[in-house]
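This briefing covers the nonpolar cores, the aromatic pairs and a few individual side chains. The sequence and structure come first.

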Amino acid sequence: MAAAMATQGERVVLEEEFKWLLQEEVHAVLRQLQDILKEASHCFALPTSGSGGAVKQENFVLSTSSTDQVKGVMTLQGDALCQADVNLKMPRNNQLLHFAFREDKQWKLQQIQDARNHVNQAIYLLMNRDANYQFKTGLEVLKLMDAVMLQLSRARNRLTTPATLTLPEIASSGLTKMFTPVLPPDVLVNFYINLNKLCLTVYQLHVMQPSTTKNFKPAGGSVLHNPGAMFEFGSQRYEVSHVHKVECVVPWLNDALVFFTVSLQLCQQLKDKISVFSSYWNYRPY
C-alpha cells in the first residue's frame with residue numbers, strides 16, 4: 001500500500017513537472033530559437049544600415065595557393081553575384097584571357113535562396129505557437145520540433161551539398177551567356193556554395209576528333225569533374241583537359257551554419273526532455 005502511494009505521489013510530481021515543461025520551458029526554448037533564426041535570416045539578407053536599405057555588396061577575391069591559372073574577383077549582393085571578373089591563363093600558350101559579367105546581368109545563387117527560404121519557414125512554424133498558445137501533449141511539441149528541424153536540416157544541406165551537374169548542363173547553363181567577351185567554346189565555368197565558401201570552377205576542354213581511338217564514355221553528374229571527363233554537347237564531343245578551382249570564405253555563411261547547428265541542438269535537447277517523461281513507468285504524456 002505504501003509502495004503504491006509512493007508511486008502515485010511520484011506520478012503526481014512527474015505530471016506537475018511535465019505541465020511546467022509544456023507551459024513554461026517549451027515557450028522559453030521557442031523564443032530562443034526564434035531569436036537565433038532571425039539572426040540567421042539576417043545573415044542572408046545582409047541589409048545596409050537603415051530599414052528598407054538595399055542589400056550591401058561585398059567583394060571577394062577567389063584564388064588558391066596551388067595555382068595561379070585562375071584568379072577572380074566577385075561581388076556578392078545577398079544571394080546574387082552581381083559582378084565577376086575572371087582571369088584565365090591558358091596552359092598551352094600562357095595566353096591570359098579576361099572575362100567579366102555583362103553590366104545588365106547578375107547570377108542568382110539558388111543555394112543561398114533556398115537556405116534562406118527554409119530558415120524563414122522554420123521561423124514561421126515557431127511564430128505560429130506564440131506565448132499564449134497552450135501545448136496539451138508532448139507529442140505536439142515533438143511534431144513541431146521535427147518540422148522545425150526538417151527545415152533547418154534542409155537549409156544546412158543546401159549550403160553543405162552543392163548540386164551535382166553534368167557537363168552538358170553546365171555548358172547549357174545561363175551562366176555561360178553572362179560574360180563579356182563571350183566565353184570561348186573550350187571553356188566552361190560554374191559557381192556554387194560549399195559550406196562557408198564561394199567556389200568557382202573553370203573547365204578547359206579539347207575537342208575529341210572522330211578519328212580518336214579513345215572509348216567515349218560520357219561523364220555523369222558531379223560537383224567537380226576531373227580531367228579526362230567526356231561529354232557530348234550539340235554535335236561535338238569534348239574531353240576535360242584542365243580543371244581549376246578557386247574559392248574564398250564568406251564569413252556570414254559561416255555564421256549561418258553555426259546558427260543552424262545551435263538551433264538543431266536546442267530542438268534535440270527539448271525533444272530529449274519530452275521523451276524522458278515517457279521512460280518512467282511507461283508514463284506517456286502524449
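At 28% relative accessibility, Tyr133 counts as partly exposed, where buried means under 20% relative accessible area, exposed over 50% and partly exposed in between (1.4 Å probe, protein chains only). This is a predicted model, in which local features need pLDDT of at least 70 and side-chain atom pairs count only at pLDDT 80 or more, while totals for chains, interfaces and linings use all residues. Residues are numbered from 1 along each chain as its sequence is written, and side-chain values use heavy atoms, with hydrogens and water left out.

**Aromatic pairs**

- The structure holds 6 aromatic pairs; rings of Phe, Tyr and Trp (its six-membered ring) pair if their centres lie within 6.5 Å, and planes under 30 degrees apart count as stacked, over 60 as edge-to-face and the rest as tilted.
- Tyr133 and Phe135 make an edge-to-face pair, with 5.0 Å centre to centre and 75 degrees between the planes.
- Phe135 is buried, at 5% relative accessibility.
- Phe231 and Tyr238 are stacked, with 5.3 Å centre to centre and 20 degrees between the planes.
- Phe231 is buried at a relative accessible area of 2%, and Tyr238 is buried at 12% relative accessibility.
- Phe44, Trp252 and Phe260 are linked into a cluster by ring pairs.

**Charges over rings**

- Arg129 has its charged end over the ring of Tyr133, 4.9 Å from the ring centre; the criterion is NZ of Lys or CZ of Arg within 6 Å of the ring centre and within 35 degrees of the ring normal.
- The charged end of Arg237 sits over the ring of Phe216, 4.0 Å from its centre.

**Nonpolar cores**

- The largest nonpolar core has 69 residues, and those with the most contacts inside it are Phe44, Phe191, Leu200 and Phe260; such a core is a set of buried Ala, Val, Leu, Ile, Met, Phe, Trp, Tyr and Cys residues joined through side-chain atoms within 4.5 Å.
- Helix α1 supplies the largest share of this core, 13 residues; helices (H or I, at least four residues) are DSSP runs, numbered from the N terminus.
- A second, separate core has 10 residues, including Leu167, Ile170, Ala171 and Leu188.
- Beyond its neighbours within four places in sequence, Phe191 has contacts (heavy atoms within 4.5 Å) that include Met74, Leu81, Phe101, Phe179 and Leu200.

**Glu25**

- Glu25 lies in helix α1, which spans residues 2–45.
- Glu25 is buried, with a relative accessible area of 17%.
- Not counting residues up to four places away in sequence, Glu25 touches Trp20 and Lys273.

Conventions
Helix = DSSP H or I, 4+ residues; strand = E, 2+ residues; numbered from the N terminus.
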